[in-house]
Amino acid sequence: MNKVRTRFAPSPTGYMHIGNLRTALYAYLFAKSQHGDFILRIEDTDRARYVPDAVEFIEKTLAAAKIIPDEGPHHGGNFGPYVQSERMEIYKAYAEKLVELGYAYRCFCNHDDDSNEGDEKKFGGYDRTCRHLEREEIEANLVARKPYVIRQKMPLTGETTFYDVLHGNITISNSELEDQILLKSDGMPTYNFANVIDDHLMGVTHIIRGTEFITSTPKHVLLYENFGWEIPTFIHLAPVMGKSDDGTISKLSKRHGATSFNDLVEMGYLPEVITNYVALLGWSPKTNQEIFSMDELIEKFSLDGLSKSPAVFDYNKLDWMSGEYFKAMSDEDFAQAAEKFFGTLNENLASKKIYLGSLLKPRISKLSDIHAQIKFLQERLPLDAELFTNKRNKVTAENSVGILTDAIKVLEKISDWTVDELHEKITAFVTESGLKMGTIMWALRIALSGQKVTPGGVIEILYLLGKKESLERLNAALKFLGDIAKKN
RNA sequence: GGCGCCUUCGUCAAGUGGUUAAGACACCGCCCUCUCACGGCGGGUUCAAGGGUUCGAAUCCCUUAGGCGUCACCA
């Protein structure tokens with residue numbers, strides 16, 4: 001049996017859409033699960049859409065996602081070049097050969113000219129009458145003088161069937177197929193041609209790509225047949241969809257927010273989380289496992305777990321998965337991954353990064369959430385008397401004054417400002433006061449942070465703030481409450 | 001419009017003639033708790049519709065509807 005070879009063949013746009021990433025992932029996983037090769041090939045035959053540095057961008061993105069090509073523009077391999085614009089002579093030769101074989105012909109018409117619109121014999125759709133074969137024989141010297149394209153000569157009757165692993169046999173009537181252009185007038189091949197030539201020449205055994213290519217696959221199959229080449233196995237993947245604010249579902253695009261691998265990384269999702277999540281969008285291991293390392297994905301991947309219906313990208317699930325990864329990380333690793341997202345920390349907090357990270361770790365779904373979580377530690381948020389009122393914990397602005405006053409006295413005496421020590425002293429203080437734990441903690445949290453919700457409890461905040469800042473904040477809160485009382 | 005593909009909870013999905021139709025996320029409720037979170041427990045909602053075939057259908061067939069794709073010198 002032939003060694004499995006798959007490929008990822010993006011056109012060089014400076015953007016790695018999640019759907020493309022998933023296609024690359026599946027092609028990679030399948031190849032690796034079969035101990036085969038994964039090829040990166042750049043399809044840059046559209047000169048008008050050329051984006052500088054796009055190849056490097058694609059390679060970097062794949063590397064970040066840990067999808068490593070065995071062959072590619074900068075990965076070596078014996079089937080290069082792996083950039084289509086560098087293979088023009090190859091396509092030209094095969095196109096000419098097809099003309100010789102009688103499966104293609106030169107066309108000298110200028111079909112961009114819309115002046116014939118309305119005339120059903122002309123273009124605007126497909127013009128079956130445009131077959132220059134005979135004319136070409138008469139006017140052989142035209143080839144040297146006029147620009148032309150090479151078109152594939154489609155059978156006018158019958159039908160073409162191909163097998164798709166996901167969809168089974170798909171049959172399309174040949175009358176649906178137009179004499180598509182194989183070689184453009186600028187000498188570049190079209191996707192439909194270059195793709196077939198390269199897949200064959202590079203020994204690709206399994207073509208994994210999006211469903212948008214189903215309809216053009218019969219044309220490819222005909223080409224393989226014309227050349228007498230073995231037809232590869234097709235696997236057409238359903239698209240990744242996005243949900244708009246109004247609830248409508250459509251193919252995932254920029255209007256759905258962050259939809260590229262890089263967008264997601266910038267938001268603070270770990271690359272391995274993105275890969276893990278995306279792997280499950282359209283593929284099921286058929287077990288209840290959801291967290292997979294790349295090695296596990298390779299081990300478990302199987303074509304029959306692929307889904308043939310579209311899958312909606314769900315940020316909720318991504319968030320959950322991201323949180324699971326964070327929780328599984330060591331405090332050190334987390335602090336390191338979060339480094340860029342801490343922003344500029346003051347000296348005190350900078351020295352407590354790992355501890356701070358341990359508090360943040362279980363309560364964020366992406367690294368960019370960190371900023372909002374730690375803002376209150378860096379700056380004093382304006383207090384609001386309302387916040388001191390909490391029915392459940394029996395706290396009011398009035399009784400907070402006494403609590404804060406006593407707490408300050410206790411805290412001032414603490415010299416060993418550690419979590420353990422703070423915990424011990426505060427617990428003792430609560431017991432002594434005869435009040436409920438919740439009452440005291442609530443008042444302190446509001447006074448210290450200015451917000452109801454904080455990463456970690458009062459003890460943790462005190463520790464993070466340090467003695468000086470903590471006491472200053474408590475005193476400021478006391479003054480604030482005093483001013484309020486006077487006003488009333 | 002022609003042709004093609006798709007259709008199990010809100011979302012990801014298991015399921016391939018006989019199941020109480022898994023599980024996860026989300027949501028709701030309760031418990032725990034110094035807030036949030038974590039954790040624990042519980043809950044609701046699903047086979048697009050209609051016809052067949054069959055003792056029996058989410059599973060097989062047909063029709064309809066809806067969604068998506070495609071009909072380029074773009075990929």
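1. A charge is taken to sit over a ring if NZ of Lys or CZ of Arg is within 6 Å of the ring centre and within 35 degrees of the ring normal. By that criterion Lys 352 lies over the face of Tyr 463, at 4.6 Å from the ring centre, and Arg 5 lies over the face of Phe 79, at 4.3 Å from the ring centre.

2. The model is a predicted one, in which local features need pLDDT of at least 70 and side-chain atom pairs count only at pLDDT 80 or more, while totals for chains, interfaces and linings use all residues. Residues are numbered from 1 along each chain as its sequence is written, chains are lettered from A and ligands numbered from 1 in the order in which they are written, and side-chain values use heavy atoms, with hydrogens and water left out.

3. Of the atoms of RNA strand B that come within 4 Å of the protein, 72% belong to sugar and phosphate.

4. Strand E6 (168-173), strand E12 (311-312), helix H11 (315-328) and helix H19 (437-449) are the elements that give two or more residues to the surface near RNA strand B; helices (H or I, at least four residues) and strands (E, at least two) are DSSP runs, numbered from the N terminus.

5. The structure holds 14 aromatic pairs, a pair being rings of Phe, Tyr and Trp (its six-membered ring) with centres within 6.5 Å, where planes under 30 degrees apart count as stacked, over 60 as edge-to-face and the rest as tilted. Phe 227 and Trp 229 are stacked because their ring centres are 4.2 Å apart and their planes at 15 degrees. Phe 313 and Tyr 315 are edge-to-face, at 4.8 Å centre to centre with 65 degrees between the planes.

6. As to accessibility (buried means under 20% relative accessible area, exposed over 50%, partly exposed in between, with a 1.4 Å probe and protein chains only), Phe 227 is buried at 11% and Trp 229 is buried at 15%. Phe 313 counts as buried at 4%, whereas Tyr 315, at 27%, is partly exposed.

Definitions and conventions. A residue is near a molecule or strand if one of its heavy atoms lies within 4 Å of it.
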